[in-house]
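Subject: Structure handover and notes

Dear colleague,

I am passing on the structure below, together with notes on what was found in it. Please read the notes with the model open beside them.

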Amino acid sequence: MFKKILIANRGEIACRVIKTAKKMGIKTVAICSDPDLNSPHVNLADEFVNIGGNTSAESYLVVEKIIKAIENSNADAVHPGYGFLSENVMFRDEINKIGKIFIGPPSQAISLMGDKIESKKIAKEAGVSIVPGGLDVIEDIKKAMSEAEKIGYPLMVKASAGGGGKGMRIAFNEKELKENFNSAVNEAKSSFGDDRVFMEKFIEFPKHIEIQVLGDQFGNFIHLGERECSIQRRHQKVIEEAPSSFVDEALRDEMVNQAIKLAKAVGYYSAGTVEFVVDKNKNFYFLEMNTRLQVEHPVTELITGIDLVEQMIKVAYGEKLEIQQNEIKFNGSAIECRIYAEDSSKNFLPSIGRLTRYIEPKGKNVRIDSGVVEGSEISMFYDPMISKLCTYSETRDSSINEMINALDRYYIEGVKTNRDFLSNILQKKNFHSGLYSTSFISEEYPDGYNSYNIEIKNKEILYCVATFVNFQYLLRAASISNQLKGFNKTVGNLWRVVDREQNIDVKINFNNFNNNYDVYLLNKHFSIKSNWKIGYPLFSAIIDNKLHYFAINRDGPKFKINHKGAIMDLIVLSNRHSELNKIMIPRKEEDKSRLLLAPMPGLLVSLLVKEGQVVDENEPLAIIEAMKMENIIKSEKKVTIKKINCKEGDSLEVDQVILEFD
């Protein structure tokens with residue numbers, strides 16, 4: 001077996017590969033850019049090489065630097081993870097030239113399947129069903145318009161060398177095609193160094209189902225079932241699960257047969273994923289083959305018990321597959337949520353900063369693959385994914401409930417995240433029923449997701465929690481300074497919870513007989529018991545014999561409580577203080593309606609307007625690139641451009657003024 005492996009990647013996937021290598025007794029080498037010098041993957045590896053640079057283009061995408069690191073560390077083999085150079089044929093060949101092993105498929109398979117246009121041609125020849133269109137490169141908007149007439153709307157513009165939703169746009173009409181075509185081309189070039197794009201028919205109400213295949217160098221193949229990846233935003237997967245509640249045994253057999261047929265056609269070995277789009281009538285069409293480990297591979301590992309990274313390493317070393325298809329058992333249900341640093345209330349724009357507080361959930365049914373710790377920096381240079389949170393249980397419903405609770409126990413401070421958004425998705429009826437498509441997010445959340453605007457059904461429980469926590473602080477104050485002389489926790493203590501304009505009278509006291517607290521409000525009684533420690537931001541309690549989880553931020557009498565994807569601001573006051581609070585003059589907010597502010601740090605790629613120009617509602621104003629994605633900033637209403645404060649190519653800070661309106 002290999003003695004030493006270099007991981008040509010960063011973040012959570014580098015940590016993931018290192019853990020399996022250590023389990024196998026293999027030493028590991030990490031590489032890092034300058035911003036990643038003290039990252040967890042560097043500290044987890046046995047040794048590391050700093051290849052310098054800040055951006056991906058200056059570090060993790062520079063083949064020469066990584067080849068030099070391989071030689072200097074004397075590693076036997078290289079695992080590329082996913083993204084970056086994982087599907088780069090030149091990188092694989094350069095590794096072979098220096099006598100080292102690439103842990104992944106052969107060059108031919110990467111080359112044939114890495115080109116989305118060629119892969120469709122091969123799939124068609126192999127008897128795999130394909131989506132109409134997509135067999136020609138589209139050089140410019142003129143050809144795009146011509147091809148669109150043949151394919152028909154809606155259609156997709158996709159990067160030929162793409163993946164992960166980069167360089168991909170949907171156009172439902174001619175106007176949208178004109179708006180989005182160049183962005184797809186530019187994004188493809190910046191993400192993959194290849195600006196070729198193609199177009200294909202967009203299947204309406206599509207399901208995104210993928211088949212995990214595994215082959216060795218002796219022509220043996222097995223499959224590990226399917227994953228459903230239909231919950232997507234900007235064509236990037238957000239929630240994945242295995243197995244799919246939509247796929248029956250007959251459909252699974254058909255898809256598996258075609259997936260393995262395609263893998264054999266290109267002489268594949270190692271782990272690979274064949275992706276299909278499936279319509280509501282269970283007709284399926286080939287999308288692409290990912291010749292690498294997938295981001296969502298943990299859900300497959302959870303239901304099969306098979307370590308895909310271990311199998312990749314063994315296959316690369318030249319071993320035969322030891323697992324037979326009839327030995328593979330699919331047990332239970334697994335769900336993965338991708339935790340992103342992004343602001344869901346601002347149309348999911350990337351959020352950048354330092355993790356000032358970071359607490360991961362734990363439990364026998366919880367798996368988390370992360371590449372960060374408290375104090376880690378979420379940089380503008382790389383993908384905004386913080387971690388992958390997985391839950392596993394016997395049934396899909398119980399796995400969903402495990403995930404909702406795990407999200408409530410996941411505390412991240414310092415950047416905005418999509419944690420609440422994910423929790424809300426999991427609570428939607430259509431998600432539970434499985435009646436959703438890849439359009440789920442755009443249909444259910446057309447304006448993004450704001451945790452403060454969610455209707456909370458059990459507000460009384462949050463009032464109860466705020467009162468309990470406030471009471472614990474008062475008890476501590478009384479015990480350390482005797483400042484509340486005569487304070488008795490067993491006697492009914494009266495408080496008032498302020499919820500916006502509403503005032504709720506609450507009584508709380510300790511019940512010696514049951515060793516819990518009794519809380520009375522709105523003619524209801526709650527029994528609450530908790531071993532929570534003062535100052536800890538995560539709060540769990542048994543309330544009326546049911547376990548609940550919350551995240552709490554306290555500022556004096558003010559509480560921000562986060563529960564099941566919703567946030568509520570509350571104030572707990574004495575009766576006298578609540579009367580005074582009513583006459584407090586609210587602070588005036590600064591009017592920024594006449595300014596276009598940078599919603600995130602990034603590069604101002606393009607300014608699409610001029611001073612004096614009249615701009616209609618929803619018209620593009622500027623394009624900002626951050627975390628390898630182009631973000632089109634549009635006008636919220638009809639305005640006239642008064643002043644332009646920035647120029648194309650400027651690096652922007654958050655809230656920097658780009659434009660001023662009349």
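This is a predicted model, in which local features need pLDDT of at least 70 and side-chain atom pairs count only at pLDDT 80 or more, while totals for chains, interfaces and linings use all residues. Residues are numbered from 1 along each chain as its sequence is written, and side-chain values use heavy atoms, with hydrogens and water left out.

I begin with Asn562, which is found in strand 29 (residues 558-563); strands here are DSSP E runs of at least two residues and helices are H or I runs of at least four, both numbered from the N terminus. Asn562 is buried, at a relative accessible area of 10%, where buried means under 20%, exposed over 50% and partly exposed in between, with a 1.4 Å probe and protein chains only. Setting aside neighbours within four places in sequence, Asn562 is in contact (heavy atoms within 4.5 Å) with Arg419, Asp420, Phe550, Ala551 and Ile567. With Arg419 the side chain of Asn562 makes a polar contact of 2.6 Å, the term denoting a pair of N or O atoms within 3.5 Å, of which, within protein, one must be able to donate a hydrogen and the other to accept it, and residues adjacent in sequence count only if both atoms are side-chain atoms. The C-alpha atoms of Asn562 and Ile552, 10 residues apart along the chain, lie 6.4 Å from each other.

Arg419 belongs to the buried residues of helix 13, as do Asp420, Phe421, Leu422, Ser423, Asn424, Ile425 and Leu426. The axes of helix 12 (residues 396-408) and helix 13 (residues 419-426) come within 10 Å and cross at roughly 160°, the axes being lines fitted to C-alpha atoms over the stretch in contact and the angles running from 0 to 180 degrees between N-to-C directions. The two helices, helix 12 and helix 13, are therefore roughly antiparallel, since angles over 145 degrees count as such, those under 35 as roughly parallel, 65 to 115 as roughly perpendicular and the rest as oblique. On the side of helix 12 the contact is made by Ile400, Met403, Ile404, Leu407 and Asp408, and on that of helix 13 by Arg419, Leu422, Ser423 and Leu426.

Helix 5 (residues 107-114) and helix 6 (residues 116-125) pack at about 100° with their axes 5 Å apart, and are therefore roughly perpendicular to each other.

Finally, some backbone details may deserve a look. The peptide bond from Tyr153 to Pro154 is cis, with omega near -5°, and a cis bond also joins Ala242 and Pro243, with omega about -5°. Asn74, although not a glycine, has a positive phi of about 60°, and is exposed at a relative accessible area of 51%. Leu522, likewise not a glycine, has a positive phi of about 50° and counts as partly exposed at 40% relative accessibility.
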